[in-house]
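Please read it with the structure open.

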Amino acid sequence: MGMIIVMGVPGAGKSTVLKNTAAKGRQILNYGDLMFEIAQKKFNVKHRDEIRKLDIKSQSQIQSLVAKKLAAEKRSIILDTHCSVNTPRGYLPGLPFSLLSRLKVDGLVLITAPMAEILARRRKDMEGSAGRVRELDEEGLVAHEGINRAYLAAYSSFTGAPACIIINRDGGLSAACEKLSSLL
Amino acid sequence: MGMIIVMGVPGAGKSTVLKNTAAKGRQILNYGDLMFEIAQKKFNVKHRDEIRKLDIKSQSQIQSLVAKKLAAEKRSIILDTHCSVNTPRGYLPGLPFSLLSRLKVDGLVLITAPMAEILARRRKDMEGSAGRVRELDEEGLVAHEGINRAYLAAYSSFTGAPACIIINRDGGLSAACEKLSSLL
Amino acid sequence: MGMIIVMGVPGAGKSTVLKNTAAKGRQILNYGDLMFEIAQKKFNVKHRDEIRKLDIKSQSQIQSLVAKKLAAEKRSIILDTHCSVNTPRGYLPGLPFSLLSRLKVDGLVLITAPMAEILARRRKDMEGSAGRVRELDEEGLVAHEGINRAYLAAYSSFTGAPACIIINRDGGLSAACEKLSSLL
């Protein structure tokens, strides 16, 4: 069985949806966690934020080791990752073809929500945790969401896997979880 | 000469445009028909709807045989297919790279129309034929049309072929047909 | 060091931004110039407009020679080109995968601006130069800008390079140039 890849911008509620979905025996792996594990071992990194401060070559090496690990997975996996990450250098693809070419993908899922709800959740997140800085600019969010759908279509064209967009509205968590569960 | 691939959501008027366009010696092949022919022979399928009820492995095998058949075509072809199909598992790419890599493509055409006109045509279709169920939700159609353009750009980037969007407005059928004919 | 590829529709202000950006030792190469140089030598072409009047096979040959030249570049390059070109046959990808597969790309940049400002700049351009005909239709521009972002995501997925969208607003040229300079 191939993996199901679940993506979504901060505030879309990806983690909440994943936590509340019956996983049907699938193992949830978080791409960022896998990177951190390897960065700790290989580069003695102490905090997640240090990864992006490593030189490009080291970061590529970490990504390549994560790809190798994922390619070797024998279990049924849900991969929790980003469709694209909004960095100072631009949108970085979460699933470049160099990674996808090593994976067997059965489904691509983008979790999203109405823009106003995403922004409200981000505001609340930042109140709750002083360290968490999240983009609150609506124009920027609309652009990011727009290009994420284009990345999604590119990933789907490359893998041949279906691309499912799940709307996780306020008050609609259980519907979003049921939809995700139906894909597993 | 490579093939011209014509795509469009239900209600965009793809079939009507194709029927009324001077084909300039090109043969029109319908992807769904090709799948059905093979499914009949190989899997004893009686109705089109049975194809998607086959297991994934059988469906892949049918798709692979269609690709083989198209790759072997010596005639000038217009391929009539979907940009993506809106299934319960998500948008399924009509032209995954595994298929495109076997074809010689000279042009990609997406036929579309104003959203309100597409919805009105779908409503009329359903009245005319009790068996035909078509999505009438505007938000869903806007999302599908949006991601279809992203699929189109991915197909165009992969093949290098130009991507032409033809607007088939109510009352503008002959203009749409002329435009398509100019690409053949 | 890989190349930075800068793209943008006519009127987005790509050339102005490039002219006013500290290039940090990078060489700016214009894709159209490279095509013209080769077309002059190989096909005795006198004016740029003659290139697209050549048969498809000759045009492909020119593109292939440009790709070869770019692939052999030892210098740090900024490549100035189009994301897609709006031709009578449809949108032609500026960076088909057949080209990208031969390049080492560190960054993809799309320069854009509010639609009303792009149209106003185009109108002004046409007044200034009788020979320059530019599309002034807003619906067409919105469609082109929309699909350009989808091409951008496809290029980014293929190369793994980040995709940066720089908004070059009226009165904001220096901010756009600073942003571009930060990517070099």
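1. A residue is called buried if 20 or more other C-beta atoms lie within 10 Å of its own, exposed if 12 or fewer, and partly exposed in between, with C-beta atoms placed from the backbone. Lys24(B) has 10 C-beta neighbours inside 10 Å, so Lys24(B) counts as exposed. Lys24(B) sits in the loop between α1 (14–19) and β2 (27–30) of chain B. Helices (H or I, at least four residues) and strands (E, at least two) are DSSP runs, numbered from the N terminus.

2. This is a predicted model, in which local features need pLDDT of at least 70, side-chain atom pairs count only at pLDDT 80 or more, and totals for chains, interfaces and linings use all residues. Residues are numbered from 1 along each chain as its sequence is written, while chains are lettered from A and ligands numbered from 1 in the order in which they are written.

3. The model scores ipTM 0.94 and pTM 0.95. For chain A the mean pLDDT (the predictor's confidence in each residue, from 0 to 100) is 93, and 98% of the residues of chain A reach 70 or more.

4. Which backbone angles deserve a look? Most residues other than glycine have a negative phi. Lys24(B) is not a glycine, yet its phi is positive, about 50°. Asn44(B) also has a positive phi, near 55°. Asn44(B) lies in the loop between α2 (31–43) and α3 (56–71) of chain B, and it counts as exposed because it has 8 C-beta neighbours inside 10 Å. In chain C, Asn44(C) follows α2(C) and has a positive phi near 60°.

5. Helix α2 of chain C (residues 31–43) has 13 residues and should span 18 Å at 1.5 Å a residue; its end C-alpha atoms are 17 Å apart, which agrees. The expected span is 1.5 Å times one less than the number of residues. Which residues of α2(C) are buried? They are Leu34(C), Met35(C), Ile38(C) and Ala39(C). These residues cover an arc of only 130° around the axis, so they lie on the same side of α2(C); the arc is that of the directions from the helix axis to the C-beta atoms. What covers them includes β2 (27–30) and α3 (56–71) of chain C.

6. Chain A has seven helices and seven strands. From the N terminus on, their order is β-α-β-α-α-β-β-β-α-β-α-α-β-α. The C-alpha trace of chain A spans about 40 × 40 × 25 Å along its principal axes. A compact globule of 184 residues would have a radius of gyration near 16 Å, and chain A agrees, with 16 Å. That radius is taken over C-alpha atoms, and the globule rule is 2.2 Å times the number of residues to the power 0.38. Of the 184 residues of chain A, 39% count as buried.

7. Two residues are in contact if their C-beta atoms, placed from the backbone, lie within 7 Å. The contact between chains A and C takes 17 residues from chain A and 15 residues from chain C. On the side of chain A that touches chain C, α6(A) gives the most, with eight residues. That side divides into twelve nonpolar, four polar and one charged. Here Ala, Val, Leu, Ile, Met, Phe, Trp, Tyr, Cys and Pro count as nonpolar, Asp, Glu, Lys and Arg as charged, and the others, Gly among them, as polar.
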